[in-house]
Amino acid sequence: MASWDMEHVDNSKTFGSHYSVKFSTWKSLKRAVRTLKELARSRSLSSKHTHVSDLESEIFIIKTHHEEVYAKDILLLRSGLPLPKQSNLFILSPYLDDLGLLRVGGRLRNAGLNIEQTNPVLIPCSHYTALS
């Protein structure tokens, strides 16, 4: 029997920016993602934990949009290869953090400040939250 666990579903074919524009607020989008992920977990035979946090929903939404917009760059970064100079992200020295989010790199990484201040998550201009 197939698992309903959304972590194992190809995000690019199931959830993307074309769905996020149907929500009037960031909060309603997060709530919908949280509900869908909880439903998927509750149907999974192996999962006992069904609660999904707001942070987990946000990460899922952002990672999905990253995969849509920056798929080639992410593939190179995961492979440990440098980005080509033609990449729109090249000058930002991007890297993937521990959660798989694409962040701005650079020298501020060594400044001892909060990661959100020194290395913010990249949000594509076409992303729903870029206008919020």
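Helices (H or I, at least four residues) and strands (E, at least two) are DSSP runs, numbered from the N terminus.

The exercises below use a predicted model, in which local features need pLDDT of at least 70 and side-chain atom pairs count only at pLDDT 80 or more, while totals for chains, interfaces and linings use all residues. Residues are numbered from 1 along each chain as its sequence is written, and side-chain values use heavy atoms, with hydrogens and water left out.

**Exercise 1. Describe the overall layout of the protein chain.**

Step 1: Start with the elements; the chain has 6 helices and 2 strands. Read from the N terminus, their order is α-α-α-α-α-β-β-α.

Step 2: Turn to burial, where buried means under 20% relative accessible area, exposed over 50%, and partly exposed in between (1.4 Å probe, protein chains only). Of the 132 residues in the protein chain, 34% are buried.

Step 3: Look at contacts, meaning heavy atoms within 4.5 Å. Among those between residues at least 6 apart in sequence, 46% join residues at least 24 apart.

**Exercise 2. Work out how α4 and α5 are arranged.**

Step 1: Recall that two packed helices are described by the angle between their axes and the distance between the axes. Here axes are lines fitted to C-alpha atoms, for helices over the stretch in contact, with angles from 0 to 180 degrees between N-to-C directions.

Step 2: The axes of α4 (residues 54–69) and α5 (residues 71–78) come within 5 Å and cross at roughly 100 degrees. Therefore α4 is roughly perpendicular to α5, a label that applies from 65 to 115 degrees (under 35 is roughly parallel, over 145 roughly antiparallel, and the rest oblique).

Step 3: At this contact, H66, E67 and V69 of α4 meet A71, I74 and R78 of α5.

**Exercise 3. Find the largest nonpolar core.**

Step 1: Such a core is a set of buried Ala, Val, Leu, Ile, Met, Phe, Trp, Tyr and Cys residues joined through side-chain atoms within 4.5 Å.

Step 2: The largest one has 7 residues: Y70, I74, L83, L89, L102, V104 and L122. Leaving aside neighbours within four places in sequence, L102 touches residues including H66, Y70, I74, L89 and L122.

Step 3: Apart from this core lies another, of 5 residues, among them W26, L29, V33 and I61.

**Exercise 4. Examine L92 and S93 in the loop between α5 and β1.**

Step 1: Beyond neighbours within four places in sequence, L92 is in contact with V104, G105 and L122. Its C-alpha is 7.2 Å from that of G106, 14 residues apart along the chain.

Step 2: S93, also in the loop between α5 and β1, is partly exposed at 40%. Most residues other than glycine have a negative phi. S93 is not a glycine, yet its phi is positive, about 50 degrees.
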